[in-house]
Amino acid sequence: MAEAIRGKGVISGIAIGQVMLAGQNLDGYLAAYQPGSAAEEQSKAEAALVAVTENLLATIERLRREEQAEQAAILEAHRMMVQDPMMAENIKGKIAETGSAPQGILDAANEQAQMFEQMEDEYFAARAVDLRDVGKRIAKYVLGVKEPEIGSGQVVLCGEEIEPSVVAGMPTEQIAGVILGSGSATSHVVIIAKARAIPTVLGIGDKINLIQDGDEIILDGSRGDIIIRPTEAERSLYQGKIEEQKKLAAHYAALKDLPAVTKDGVRIELTANIGTHMDVDNALTYGAEGVGLFRSEFVFMGSTTIPTEDEQFKAYRAAVEKCGGHICVIRTMDIGGDKPLPYLNIDPEENPFLGYRALRISLDRHDLFLPQIKAILRAGLYGKAAMMVPMVISVSEIQRVLKLVEQAKVELTHEGKEYSDDVQIGIMVETPAAAVVSPLLAQYVDFFSIGTNDLIQYTLAVDRGNAQIAHLYNPFNPAVLRLIQRTIQSAREHGIWTGMCGEMASDPYAAVILLGMGITELSMSAPSIPRVKEMIRSVTSTQAKELLADVMKMEHGVEIRAYLHKMLEGSDASVGL
């Protein structure tokens, strides 16, 4: 009998296939393992680190030959974890405690993973899965565990968590879909699946126990629907939907190299949000015109000590070069109590989102901020780099930033290092304070980028992670729209450009009213670019202004969204919204 459950759809598309339960349990192997002497166990771990590194290098090279740059980049990050001296030192200590190489390896990886899991930022919390994947891969080598056999048909991978290496190591054509009991939209499993356009649903919780190995599954990644053991009628219905999605995919692919320009010639730049320089290749495949948000904190999270100027320079330069002359906006370190770093010694805070974080730390810690500024200025020689500072609330903060930029230039000149004098300096408008005083801030910077995720939370006093009040989190709330409009207007009056890098930028309906307000750039997760581009190409700027005028007279966010749906539903870009 068919059974239907619903999770959170994170990658759209329909998939039909047999379930393959992913994620091998090592408990039995660990129980049967007979450890040798302390020296022998340490030697086994060292050999495993070398062997796993070599295996990863071979897989990375294969993926690069197959032009699977995104997956290669993720496994390259895994290779760096395997070769991290901190990981090796932790493994050594845990083996000394447990007397077992595989158990010590797993304990060391788990300890580092727990540090990431404590972070409020979803992107970095998701890295815990990667650390456990790396630990499991090394432990499996010591235990002699082989990967499970995969049949010839398509499978739907299913598991509470699925190691990124499992997905990266399988041919795309064999994976029909992915189901995760937990996980997040920023996990590397999801990133790999997104790069391969594999329909994915997560967050089904304990309902995952209803799914058995070998079950036939229908998965709808747009709606989050899962049908276990479907009827013939259901199978036929969804086969038709698969044919429709193939046509839509071909349609979006044809948009890749077309500009995001309205019918009357107004152009908007569509750029991508990235976590590392390795994400740029994937973004370009969706037609991104550069990077609107490079979260530089990943450079800091990936190090056990403060990253040097040269280490940062290499990462920023790589991203700037990959953008090929298009803009690459590098956000300075957005670290705080929710993202604990051992070398920062920041005390835990009751409310880290309103605490000691981001620019507040940077302005206090010149040993952190100056090397980052210098690295960005140097990277500017290799393309169109821009520096963006987060969590701004006052003009005095920007004045201090600009003084430090000048100090960085003096130091670079004294050190004989070349740098670009054309790096734009901007701010992330994500606090109501910054939006309110945007006419003052616009006098000091080259651009604004509106960070709607935090701006909405701070404006509405709503934690969107709180299920009880998540319904109050609405980007179309009139208070939010007025702050956004004020920010864009302030920028236009002072001759600077305005972008947006929050989730709101990926909403095609929002794109139309933002166009009406006069925004010039939208930055989003790369797969969202085709839909937003199509919406922009389907309207005129005059229509956008008329819709904006109507919207700004309305009193309720729900009413506004319903109105936009009604007025824009004829557009192909509105499909699925």
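Start with the cysteines: select Cys323 and Cys328. Cys328 is buried, at a relative accessible area of 0%, and Cys323 is buried too, at 2%. Keep in mind that this is a predicted model.

A disulfide would need the sulfur atoms within 2.5 Å. Searching the whole structure for disulfides turns up zero.

Next stop, the rings. A search of the whole structure finds three aromatic pairs, and we'll visit two of them.

Select Phe294 and Tyr316. Their ring centres are 5.8 Å apart and the planes make an angle of 85°, so this pair counts as edge-to-face. Colour by secondary structure and you'll find Phe294 in strand S10 (residues 291-295) and Tyr316 in helix H13 (residues 309-322), so the pair ties together parts that are 22 residues apart in sequence. Both Phe294 and Tyr316 are buried.

Stay on helix H13 and select Phe313 together with Tyr382. Here the ring centres sit 6.0 Å apart with the planes at 55°, so the pair is tilted. The two ends come from distant parts of the chain: Phe313 belongs to helix H13, while Tyr382 is in the loop between helix H15 (366-379) and strand S12 (384-389), 69 residues apart.

Buried or partly exposed: which is Phe313, and which is Tyr382? Phe313 is buried, with a relative accessible area of 11%, whereas Tyr382 is partly exposed, at 33%.

The charged end of Arg378 sits over the Phe313 ring, 4.1 Å from its centre. For another example of a charge over a ring, jump to Lys241 and Tyr238: the charged end of Lys241 sits over the Tyr238 ring, with 4.5 Å to the ring centre.

Last, zoom out to cartoons and pick helix H2 (residues 38-65) and helix H4 (residues 85-98). How far apart are their axes, and at what angle do the helices pack? The axes of H2 and H4 are 10 Å apart, and the packing angle is about 150°. That makes H2 roughly antiparallel to H4.

Notes. Residues are numbered from 1 along each chain as its sequence is written. This is a predicted model: local features need pLDDT of at least 70, side-chain atom pairs count only at pLDDT 80 or more; totals for chains, interfaces and linings use all residues. Side-chain values use heavy atoms; hydrogens and water are left out. Buried means under 20% relative accessible area, exposed over 50%, partly exposed in between (1.4 Å probe, protein chains only). Rings of Phe, Tyr and Trp (its six-membered ring) pair if their centres lie within 6.5 Å; planes under 30 degrees apart count as stacked, over 60 as edge-to-face and the rest as tilted. Helices (H or I, at least four residues) and strands (E, at least two) are DSSP runs, numbered from the N terminus. A charge sits over a ring if NZ of Lys or CZ of Arg is within 6 Å of the ring centre and within 35 degrees of the ring normal. Axes are lines fitted to C-alpha atoms, for helices over the stretch in contact, and angles run from 0 to 180 degrees between N-to-C directions. Angles under 35 degrees count as roughly parallel, over 145 as roughly antiparallel, 65 to 115 as roughly perpendicular and the rest as oblique.
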